[in-house]
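Trainee: I have a new structure to read. Please walk me through a few features.
Mentor: Gladly. Have a look first.

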Amino acid sequence: MDPRRVLSIVLAGSPGKRLDPLTADRAKSAVPFGGVYRLVDFSLSNLGNSGCRRICVLTQYKSHSLDRHITTTWRLSSLLGDYVTTVPAQQRLGPHWQAGSADAIYQSLNLIHDDQPDVVAVFGADHVFQMDPMLMIDQHVASGAGVTIAGIPVPRMQATGFGVIQAGRDGTTVEAFLEKPADPPPHPGSPDEACASMGIYVFTTEVLIEALRRDAADSESKHHIGENIIPMLVRQRSAELYDFQENFVPGADPLAPAYWREMGTLDAYFDAHMDLCAEQPAFDLYNDRWPILAGGPAQPPAKFEPPVSAGRDGAHFGCAINSVVSGGVIISGGVVRDSVLSPGVRVSGQARVERSVLLHNTRIGQHAVVENAILDKNVTVADGARVGVDKEHDQARGFVVSPGGITVVGKGRLIAP
């Protein structure tokens, strides 16, 4: 199919309460990731790389930083009709905000009517992955289905947090769609796995419009795509499964397993960063044939130096081991291991940072220790202070500690000794 006949809708209105305090001042899709990206950049990059460049990003919750990011970073040439545009909740159908993901699209049906696409691709804005959407779209068109749902096998014990797809014997026809089931059905041929919905859908335009209208008229509906629209189309025998494991992007290792992570919790966010730090990363940010694109102010290269007190001949140079270090970072005699450092971070002499995620302009003082922690923008760790070491002490200071034991510090906090 011609990508110009595809309208892409990215759902970016979620408040992301389970990522608090990272979402206390920003939309979930605007949360920084991997040093220089925001979560929304992954869906936008995959769509743009595939040629799907007519993209509407639906926003609602604390959207200022997201709007600014997309406006300054995702500027496409309009000469051939390409665009990425944010669409705020507009209350076109009455004085109420978006009630759910389906309602968000229903309230913006004018976008579909104006563009008149053959298919509509719906993506979440909080996933870390690489994908060629056109391969899924081509399968959808060839199958004649009303909707195609991207799925990926996950351990059954973890599938209770996802929508689960139950496929028929042919492996593609969707026989049931269960939202966060207590006992997920096994994936065909793999009894210890279930097929999780990735929150990525391709709809035939007319089918989507009719389903949205029927859902809007249902007073008992929650107006969510996963809970309401997809089960409706499954009952109509109009839904098919797309196996994400069969997707391949140029430049990727054909033997590497498919990588997709939903950033639904603080632990998932932290674990995905640790994936980047591995000696053999599960997710390849360095594929220049399918790049994840990012913007932001220009930064000088990262710098590693001895602490100021050591002078030119100091023996303790700053170093980073198995870490992702962004531009503008200066490590002055400190040691960084298994961590991700965003632009502008400073690590002072004799400081130790281990298994941590430091967002923009964080300052780590001399002899400070940061481990198993996420520090939001502009956090200062004073000389000799420790964070992430004693979880009870962290909680007593008002910091969030995730179920997995990760200490999370909100924007602009000062961590005293």
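Trainee: In which helix is the place of His69?
Mentor: Keep in mind that this is a predicted model. His69 sits in helix H2, which covers residues 64–73.

Trainee: Is His69 buried or exposed?
Mentor: Relative accessible area decides, and buried means under 20%. His69 has 8%, so His69 is buried.

Trainee: What is His69 in contact with, leaving aside neighbours within four places in sequence?
Mentor: Arg38, Val40, Asp41 and Trp74. With Asp41 there is also a polar contact between side chains, at 2.7 Å.

Trainee: Now Lys222. Where is Lys222 found?
Mentor: In a loop. Helix H6 (205–216) lies on one side of that loop and helix H7 (225–235) on the other.

Trainee: Does Lys222 count as buried or exposed?
Mentor: The exposed class begins over 50%. Lys222 has 53% relative accessibility, so Lys222 counts as exposed.

Trainee: How many residues apart in sequence are Lys222 and Ser101?
Mentor: 121, yet their C-alpha atoms are 9.3 Å apart in space. Beyond its neighbours within four places in sequence, Lys222 is in contact with Ala99, Gly100, Glu227 and Asn228.

Trainee: Which residues have the most contacts inside the largest nonpolar core?
Mentor: Val10, Phe33, Phe42, Leu44 and Tyr269, in a core of 64 residues. Helix H8 (residues 266–277) gives the most to this core, namely seven residues. Apart from this core lies another, of 34 residues, including Phe177 and Leu241.

Trainee: What is Val10 in contact with, sequence neighbours within four places aside?
Mentor: Among them are Val40, Leu44, Ile55 and Phe123.

Definitions and conventions: Residues numbered from 1 in each chain as written. Predicted model: local features only at pLDDT ≥ 70, side-chain atom pairs only at ≥ 80, totals over all residues. Heavy atoms only, no water. Core = buried A, V, L, I, M, F, W, Y, C linked by side-chain atoms within 4.5 Å. Buried < 20%, exposed > 50% of the residue type's maximum accessible area, 1.4 Å probe, protein only. Helix = DSSP H or I, 4+ residues; strand = E, 2+ residues; numbered from the N terminus. Contact = heavy atoms within 4.5 Å. Polar contact = N/O pair within 3.5 Å; in protein donor to acceptor, adjacent residues only side chain to side chain.
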